[in-house]
Amino acid sequence: MQKLQERGVYVPPSLGALEETFDKMLEQVGSRIFADLWDLSQFASCDQCFEARRNRMVKMNLSQQILPHIECDCR
């Protein structure tokens, strides 16, 4: 993936894109959808809201319910 990124063919997803996809999948499928949060910080661009956004996704993994989005000026 790194070589593809260097050639401009691949752009890693943002934390917002991961959150949006997780929300949509939970909405459509309903349950048994889990976000892999390993090394999630590599997708974050804001230190102020990252922990809250990560915690939201942890809770969504456990509850299988869409939770309110975390508000931040970076969005």
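Arg54 is partly exposed, with a relative accessible area of 27%. The structure is a predicted model, in which local features need a pLDDT of at least 70 and side-chain atom pairs count only at pLDDT 80 or more, while totals for chains, interfaces and linings use all residues. Residues are numbered from 1 along each chain as its sequence is written, and side-chain values use heavy atoms, with hydrogens and water left out.

The term pLDDT denotes the predictor's confidence in each residue, from 0 to 100. Where pLDDT is low, the predicted coordinates should not be read in detail. Here the chain averages a pLDDT of 94, and 100% of the residues score at least 70. Helices (H or I, at least four residues) and strands (E, at least two) are DSSP runs, numbered from the N terminus.

Arg54 also has a charged partner. Its side chain meets that of Glu51 in a salt bridge, at 3.1 Å from N to O. A salt bridge is a side-chain nitrogen of Lys or Arg within 4 Å of a carboxyl oxygen of Asp or Glu. Side chains of opposite charge can pair when their charged atoms come close. Both Arg54 and Glu51 lie in helix H3, three residues apart, about one turn of the helix. An α-helix has 3.6 residues a turn, so residues three or four places apart point the same way. Glu51 is partly exposed, with a relative accessible area of 43%.

A search of the whole structure finds five salt bridges. In one of them, the side chains of Glu19 and Arg53 meet at 2.5 Å, N to O. This pair links distant parts of the chain, since Glu19 is in helix H2 and Arg53 in helix H3, 34 residues apart. Glu19 counts as buried because its relative accessibility is 0%, and Arg53 counts as buried at 6%. Glu19 also forms a salt bridge with Arg56, the closest N and O atoms being 3.7 Å apart. Glu19 lies in helix H2 and Arg56 in helix H3, so this pair ties together parts that are 37 residues apart in sequence. Both Glu19 and Arg56 are buried. Glu19, Asp23, Arg53 and Arg56 are linked in a network of salt bridges.

Helix H2 itself may now be considered. The expected span of a helix is 1.5 Å times one less than its number of residues. For the 15 residues of H2 this gives 21 Å, and the end C-alpha atoms are 21 Å apart, which agrees. In H2, the residues Leu15, Glu19, Phe22, Asp23 and Leu26 are buried. They cover an arc of only 100 degrees around the axis, which puts them on the same side of H2; the arc is that of the directions from the helix axis to the C-beta atoms. What covers these buried residues includes H3. Just after H2, Gly30 takes a positive phi of about 100 degrees.

The loop between helix H2 (15–29) and helix H3 (50–63) holds Ala44. Ala44 is partly exposed, with a relative accessible area of 26%. Ala44 touches Leu15 and Phe50, not counting residues up to four places away in sequence, where contact means heavy atoms within 4.5 Å. Ala44 and Pro13 are 31 residues apart in sequence and 9.5 Å apart in space, C-alpha to C-alpha.

Asp39 is also placed in the loop between H2 and H3. Asp39 counts as partly exposed, at 42% relative accessibility. Most residues other than glycine have a negative phi, and most peptide bonds are trans. The phi of Asp39, however, is near 60 degrees, a positive value in a residue other than glycine.

Gln64 likewise has a positive phi, near 60 degrees, and is a residue other than glycine. Gln64 is placed in the segment after H3, and it counts as buried at 14% relative accessibility. The side chain of Gln64 reaches the backbone nitrogen of Arg32 at 2.6 Å. Not counting residues up to four places away in sequence, Gln64 touches Leu26, Gly30, Ser31, Arg32, Ile33, Phe34 and Lys59.

Definitions and conventions
Buried means under 20% relative accessible area, exposed over 50%, partly exposed in between (1.4 Å probe, protein chains only). A polar contact is a pair of N or O atoms within 3.5 Å; within protein, one must be able to donate a hydrogen and the other to accept it, and residues adjacent in sequence count only if both atoms are side-chain atoms.
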